[in-house]
Amino acid sequence: MGIRESDGYNAAMPLARRDFARIGILGGGQLGQMMMLAGIPLGFQFGILTPSRDDPAARLALHHEPGALDDDAAIHRLVSWADVTTYEIEHVNTDALQAAENAGGLILPRPALLGTINDKLEQKRVLQAAGIPVPGIAVQPQSYPIVQKLRRGGYDGRGVKILRDDRDRPLDGASYCEELVEFERELAVIVARSTSGETTTYPVVEMEFDADANICARVIAPARIEPSQETSAREVALAAVEALDGVGVLAVELFLARDGQILVNEIAPRPHNSGHLTIEACATSQFEQHLRAITGLPLGETALRSAAVMVNVLGDSGACGRPRLPAIDRLLERPGVHLHWYGKTEVRPYRKMGHVTVVADDLDDALTTAQEILPETRVTGGADDR
Ligand SMILES: Nc1ncnc2c1ncn2[C@@H]1O[C@H](COP(=O)(O)OP(=O)(O)O)[C@@H](O)[C@H]1O
Ligand SMILES: [Mg+2]
């Protein structure tokens, strides 16, 4: 599906032929940092909106707009500074973004999409109406077990609860219920859709979660699924992004159900943890692809050049203070191991401090190394003695 001129997307087109386009990013975390690391070689300049100069992305930004992600005036200033503005976190003031768009700013993915995605029930309704396979939804529990989800504000499993029977205490807040999917695996597909209407998908990956923290622990590429499942996962993911009129890179989380069905779980309107391994394993990383997509440049190649396993480097349970990676030497001595350390100034239990991508010709070798390095990815904390 192409993007119509009347939608105003053509405002972005000249960027493809203009050096040093200014990109605004709402948020100062590692996703913004990795966008900049990918965009600087292409000649882009970056401005960010984030409260703290200590945030990972602030170290690289040319322009820093200090402010909270719900600060209308700061959002307006960043959008005015930039040729195109994007976001690395979805918990931003959507009304302020909408106002900035109405005033002529270019924000991609568009604020209207963010409004839909930020309400999980609305997101599911739009997908369902477009014929995208999703788990059954209901406003109230009809039977048990069932999955209760807060409509807004959830992340890393906060805001999701399995209710086993009517004695289980539900979460407080506006919520809805979803059929409990018996899944074989959780999968993800990174989708790119550019201002020119060009689209592409990355190979399907497997996502594995830490059972205690409910946080993504490992991502495996290629996913160990049938070729027909690979094809349908990529088709469903692309159709989901088109249904939402997404422009940029979006990540589609999927369930591979026990009966073989592919169902959409949720969509992140930005580069995603499941796509970090594209930095080493693909010719075009998800971050570079996002910048190409929002500036109307041609999309890059997405095929895997090697097998890869990504391991999140999380704060140890109980860690606080200045982060340390005591086994960094052993980790970096290993062939095929790539460390991304985000430079956060403080560690907390389960906080994402970095990630490691292991690449190898053979997936089994990558999985073996990913297992061996686990003790070396331990992050502890200590007093700031510098
Ligand atoms: N309908 C469902 N059936 C079974 N498990 C689910 C369902 N929805 C979510 N989950 C589980 O809960 C996790 C978090 O849910 P998700 O909606 O992705 O929330 P978050 O925004 O916290 O990532 C999923 O990765 C999956 O493991
Ligand atoms: Mg999720």
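1. A word on conventions. This is a predicted model, in which local features need pLDDT of at least 70 and side-chain atom pairs count only at pLDDT 80 or more, while totals for chains, interfaces and linings use all residues. Residues are numbered from 1 along each chain as its sequence is written, and chains are lettered from A and ligands numbered from 1 in the order in which they are written.

2. The parallel sheet. Four strands make an open sheet in the order β3-β2-β1-β4, with parallel pairing. Strands here are DSSP runs of E of at least two residues, helices are runs of H or I of at least four, and both are numbered from the N terminus; two strands pair if DSSP finds at least two bridges between them. At the edges sit β3 (63–66) and β4 (84–87), each pairing on one side only.

3. Inside that sheet. Strand β2 (residues 45–50) is joined to β3 by four bridges. If you want a spot to check by eye, Thr50 has Pro66 in β3 as its bridge partner.

4. A residue to look at: is Ile75 buried or exposed? Ile75 belongs to helix α2 (residues 72–81). Ile75 counts as buried because it has 28 C-beta neighbours inside 10 Å; the cut-offs are 20 or more other C-beta atoms within 10 Å for buried, 12 or fewer for exposed and partly exposed in between, with C-beta atoms placed from the backbone. Beyond its neighbours within four places in sequence, Ile75 is in contact (C-beta atoms within 7 Å) with Leu26, Leu49, Asn93, Ala96, Leu97 and Ala100. Glu65 lies ten residues away from Ile75 in sequence and 8.5 Å away in space, C-alpha to C-alpha.

5. The antiparallel sheet. Two bridges connect β5 to β8, and Ile137 stands opposite Glu178 in β8.

6. Around ligand 1. The ligand is surrounded by 18 residues (C-beta atom, placed from the backbone, within 6 Å of it), the closest being Pro135, Val147, Val160, Glu178 and Val181. Strands β6 (146–150), β8 (175–179) and β14 (262–268) each supply at least two residues of this shell. Domain 2 (136–179) and domain 3 (183–382) each give at least three residues to the shell; the bounds come from an automatic or database domain assignment.

Terms used:
Contact = placed C-beta atoms within 7 Å.
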